[in-house]
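Trainee: I should like to go through this structure and ask on what grounds its descriptions rest.

Mentor: Please proceed.

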Amino acid sequence: MQKIGRQTFSETFSAGNTEENLTKYLEAGFSIEKLTSELNHSNSEFYFAFNNNHVIGYVKLNFGEAQTEIKDKFALEIERIYVLKEFQGKNIGQILFEKAKQVASQKKAKYIWLGVWEQNQKAIHFYKKNGFIEFDKHLFKLGNDEQTDIMMKLHLANPVSHIVLS
C-alpha cells in the first residue's frame with residue numbers, strides 16, 4: 001500500500017511541485033502509521049486494481065466521520081484514486097471509479113464528492129466526463145505549499161426503491 005501510494009502520487013504531482021515539498025508530503029501522508037490508521041478505519045475502504053498480481057492502482061473511499069471535509073451521512077468521498085502512469089489510458093481509473101459508484105449505491109449515498117488540484121487538468125477532465133460538477137474550493141497543503149483544490153460533486157440517481165406509486 002505504501003509503495004503504490006507514494007509512487008502514484010509522485011508520478012502525478014512531481015512535475016508541478018518542488019522535490020522538497022513532495023518529499024515532505026510523502027513522508028507524512030504515506031507513513032506506515034498513517035496508512036495503518038486509514039486501513040483500520042471502519043468508515044474508509046480501499047480497493048486495488050491488479051495486473052499479474054501487482055497492484056497498479058487504487059481508490060480510497062470515505063463515508064461518515066472518515067470524510068475529510070464534508071461530514072454528510074448521505075455522501076461518499078473519493079479521497080484518492082490513482083493509477084500507475086504506465087497503466088493510465090487503459091480504463092483502470094474508470095473501473096476504480098465504477099467501484100466507487102457501486103459502493104456509494106450500497107451505502108445509499110445521495111452523492112459522491114472529491115477534491116482535485118486545480119492544476120491537474122487530466123483528472124478534472126476525467127471527473128467532468130463522469131458527470132461531476134464543481135461546487136467549491138479548499139486549500140490543500142503539500143509540504144510548505146498551499147494549493148487550491150476544486151471540490152467536485154456527482155449527484156446519484158434516486159434508487160427505484162424510493163419511488164412511491166399510488
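Mentor: Let us start with one side-chain pair in this predicted model: the side chains of Asn62 and Glu79 make a polar contact at 2.7 Å.

Trainee: What makes the pair Asn62 and Glu79 a polar contact?

Mentor: The cut-off for a pair of N or O atoms is 3.5 Å, and the value here is 2.7 Å. The side chain of Asn62 also makes a polar contact with that of Ser44, at 2.6 Å.

Trainee: Why is Asn62 called buried?

Mentor: Buried means under 20% relative accessible area; Asn62 has 0%, and is therefore buried. Asn62 is found in strand β2. Leaving aside neighbours within four places in sequence, Asn62 is in contact with Asn43, Ser44, Gln67, Thr68, Leu76, Glu77 and Glu79.

Trainee: How do you know that β3 and β4 pair, and in which sense?

Mentor: At least two bridges are required for pairing, and strands β3 (residues 75–83) and β4 (residues 111–117) have three, in the parallel sense. Glu77, for example, has Trp113 in β4 as its bridge partner.

Trainee: Which helix touches β3 while packing on the sheet?

Mentor: Helix α3 (residues 32–40) does, and it touches β1 and β2 (54–63) as well. The direction of α3 makes about 135° with that of β3.

Trainee: What is the strand order of the open sheet?

Mentor: The six strands run in the order β1-β2-β3-β4-β6-β5, with mixed pairing.

Trainee: What makes β1 and β5 edge strands?

Mentor: Strands β1 (44–51) and β5 (133–142) each pair on one side only. Neighbouring strands of this sheet are turned by 25° against each other on average, direction ignored.

Trainee: Which strands does helix α2 lie across?

Mentor: Helix α2 (residues 19–29) lies across β3, β5 and β6 (145–155), and runs at about 95° to β5.

Trainee: How do you know that the length of helix α1 agrees with its number of residues?

Mentor: At 1.5 Å a residue, the twelve residues of α1 (residues 2–13) should span 16 Å. The end C-alpha atoms of α1 are 16 Å apart, so the two values agree.

Trainee: Which residues of α1 are buried, and why are they said to line one face of the helix?

Mentor: The buried residues are Ile4, Gly5, Thr8, Phe9 and Phe13. Seen down the axis of α1, they fall within an arc of 125°, and therefore line one face. These buried residues pack against α2, β2, β3, β4 and β5.

Key
Residues are numbered from 1 along each chain as its sequence is written. This is a predicted model: local features need pLDDT of at least 70, side-chain atom pairs count only at pLDDT 80 or more; totals for chains, interfaces and linings use all residues. Side-chain values use heavy atoms; hydrogens and water are left out. Helices (H or I, at least four residues) and strands (E, at least two) are DSSP runs, numbered from the N terminus. Axes are lines fitted to C-alpha atoms, for helices over the stretch in contact, and angles run from 0 to 180 degrees between N-to-C directions. Contact means heavy atoms within 4.5 Å. The expected span of a helix is 1.5 Å times one less than its number of residues. Buried means under 20% relative accessible area, exposed over 50%, partly exposed in between (1.4 Å probe, protein chains only). The arc is that of the directions from the helix axis to the C-beta atoms. A polar contact is a pair of N or O atoms within 3.5 Å; within protein, one must be able to donate a hydrogen and the other to accept it, and residues adjacent in sequence count only if both atoms are side-chain atoms.
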